[in-house]
Amino acid sequence: MSWFKREKAAAEKTPTVENGARKVRTEGLWQKCENCRQIIWKKEMEANWNVCPKCGNHGRIDAVSRLRMLFDGGIYDQYDTTLRSSDPLAFVDSKPYRERLDAMEQSTSLSDAIISGAGALEGRPVLICAMENKFIGGSMGCVVGEKIARSIDRALRRRSPLIVISASGGARMQEGAVSLMQMAKISAALMRLDEARVPFISVLTDPTTGGVTASYAMLGDLNIAEPGALIGFAGPRVIEQTIRQKLPEGFQRAEFLLKHGMLDAVVPRLELKAYIARALKFFAG
């Protein structure tokens with residue numbers, strides 16, 4: 001019997017006693033696939049990096065899991081952990097921006113919507129930046145821009161490939177033009193990386209939208225997406241209202257973009273590390 005089957009059988013048989021009645025503890029052990037609606041054992045999904053074993057649907061995973069998946073042994077050095085937004089506009093919507101940032105820091109244990117780290121991928125030194133969608137929708141503000149820019153500088157000094165994993169709703173409105181400036185700032189830094197012939201691989205995951213798509217997410221030497229990822233600039237409803245036409249099936253999904261030449265590859269999550277390793281061997285020898 002496999003490990004999964006033994007663990008699943010044990011979980012199903014674990015009883016609880018309440019008011020003298022024998023019950024089976026099932027709460028929190030299972031989750032429903034958003035695509036095929038099958039009930040999947042939660043530990044099986046976690047071990048499969050949140051890819052449904054029934055239909056292959058790719059659920060979202062956090063930035064820490066992304067880094068553990070790609071770095072050898074899940075080991076990496078993390079940089080720029082003390083960078084925090086200064087709230088340049090003293091912005092207030094439904095609540096002050098500073099309060100929103102503090103709440104996000106507490107719930108995610110991150111200083112902003114990105115983690116930058118360095119380690120080895122299949123034995124090759126690389127730098128990886130992974131965006132965290134749970135932090136204000138993975139929006140790009142001054143901290144995200146600065147962390148990526150600093151990672152580019154490290155890649156130049158070390159001549160190590162850079163990988164950026166995007167999962168974002170776009171530029172952060174609470175920082176206004178400051179967030180939009182990050183698009184140009186990162187794009188200019190990536191040009192220096194290109195001139196130095198240091199590889200940059202962009203990985204687009206669900207979702208990658210707005211100013212992130214309009215800048216660094218589409219500027220990779222190799223642009224890779226996960227299956228079914230939502231990728232675009234404006235939303236489908238805005239586009240339909242603008243062009244006054246019905247959009248085709250699957251519009252703004254990874255497979256549609258690949259078919260129309262906007263991506264280089266759509267790679268399943270479980271094959272992503274090996275694919276990137278082969279690509280870097282091609283780029284860097």
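These questions and answers cover the pockets and the cavity of a predicted model.

The model is predicted, with local features needing pLDDT of at least 70 and side-chain atom pairs counting only at pLDDT 80 or more, while totals for chains, interfaces and linings use all residues. Residues are numbered from 1 along each chain as its sequence is written, and side-chain values use heavy atoms, with hydrogens and water left out.

Visitor: How much space lies in the largest pocket?
Guide: A pocket is an open set of points on a 1 Å grid over the protein atoms alone, where a 1.4 Å probe fits, with protein on both sides within 12 Å along at least five of seven lines; lining residues have an atom within 4 Å of a point. Points are joined across faces, edges and corners, and a volume is the space filled by probe spheres set on them. For the largest pocket the volume is about 610 Å³.

Visitor: Which residues lie nearest the centre of the largest pocket?
Guide: The lining of this pocket has 31 residues. Those nearest its centre are Asn 50, His 58, Gly 59, Arg 60 and Ile 61.

Visitor: What is the volume of the largest cavity?
Guide: A cavity is a set of points where the probe fits but cannot get out. The search finds one cavity of 30 Å³ or more. Its lining includes His 58, Arg 66 and Glu 226, and the volume of the largest cavity is about 50 Å³.
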